[in-house]
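Please look over the metal site and the pocket in the model below. My notes follow it.

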Amino acid sequence: METLIKKLAEAWGPSGFEHQVRDLIREEVAPLADAITVDPLGNLICRVGDGDARVMVAAHMDELGVIVSHIDRQGYARFASLGTLLPGTLLGARVRFENGVIANIGVENQYTRRRDLPTFDGFFIDISQDADGSAPVQVGDPGAFVREVVWRGERVVGKALDDRLGCAVQIEAMRRLKDQGTPHTVYFVFTVQEEVGSRGARPAGYGVEPHLAIAVDVSPAGDVPKPKDAGISLGGGAVIKVRDTRHIVPAPVKNLMIRRAEERGIPYQLEVMTLGSTDGAEIQLARSGVPTGAVGIPARYVHTQSETADRRDIQAAIDLLVAILSEPVEL
Ligand code: ZN
Ligand code: CO
């Protein structure tokens, strides 16, 4: 699992440009799925089993990134964001473009504007090279952050753990179902464009037409100095979502998830999130509506390049997902 997480989180795949991650995941799931398709938006859809009830599980492949908006007169690349970038994470960060070019992000008036760094304008990407002056990137080129994944005891630190951890959880759940089977038709979906507003999830939900859906994503942990929401802790177990800004989990779905966790002694924590949402918010709106829940993996520093999570929570999320997918669903 460590190797898988490292491989997925270090992969390149800003929103709208997920093809490299999708290829990696497709390789992993090829021996685990009964059928694999890619829909028109780029969602990777993997079917396992052929039971009566269709259950959709979704984790997003995309990560935060930048896209070059113009090259300024001095030759610096100016950019727009792909997803919700936090300005405080930009200065000194490195981005990689698809052609392999790696460059640093700088900010105008670096030494005097520390106080207003929380504003977004003024940042640029230094794509300067030696002599000939030709820019190595062009308007419209997407970039993703560069950061190595490291483990510190039970903790994993890296960029794009949101939501490559979710992708890893789904792959590991597929591996377990491969051995033990499932009474359902399970669709493991690896979605595109979550970070720009879950644009892949709803069409995927429309295509799959599930009876039950579960999104798998990170949940911001509140066990840090001066937290906004103090509910979720690293090491506290898998997160069962109750509510976020765009999603109220139907009580029968929430209760099913709690029941499965308790039956199998899987540690869990309940989440009421006051910032952000997941693919679940869009899947629940597909067609005439889908009962949808979400499993979270607690993570600190979400949307920075050093998101931090705990192995035990990742394991608990896998166990919970497998528990839900192994038994008949009564809602
Ligand atoms: Zn996410
Ligand atoms: Co995110």
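The points below take the metal site and then the pocket.

1. Basis. This is a predicted model, in which local features need pLDDT of at least 70, side-chain atom pairs count only at pLDDT 80 or more, and totals for chains, interfaces and linings use all residues. Residues are numbered from 1 along each chain as its sequence is written, chains are lettered from A and ligands numbered from 1 in the order in which they are written, and side-chain values use heavy atoms, with hydrogens and water left out.

2. Zinc donors. H60 (NE2), D162 (OD), D217 (OD) and D217 (OD) coordinate the zinc ion (ligand 1) at 1.8 to 2.6 Å. Donors are N, O and S atoms within 2.8 Å of the metal (3.2 Å for Na, K and Ca); water is not among the atoms, so sites may look incomplete.

3. Spacing and bridge. Along the chain, the zinc donors follow H-x101-D-x54-D. D162 bridges the zinc ion (ligand 1) and the cobalt ion (ligand 2), which lie 3.4 Å apart.

4. Burial. D162 and D217 are both buried, meaning under 20% relative accessible area (1.4 Å probe, protein chains only).

5. Pocket lining. The largest pocket is lined by 36 residues, and P220, M273, L275, G276 and V302 lie nearest its centre. A pocket is an open set of points on a 1 Å grid over the protein atoms alone, where a 1.4 Å probe fits, with protein on both sides within 12 Å along at least five of seven lines; lining residues have an atom within 4 Å of a point.

Conventions: Buried < 20%, exposed > 50% of the residue type's maximum accessible area, 1.4 Å probe, protein only.
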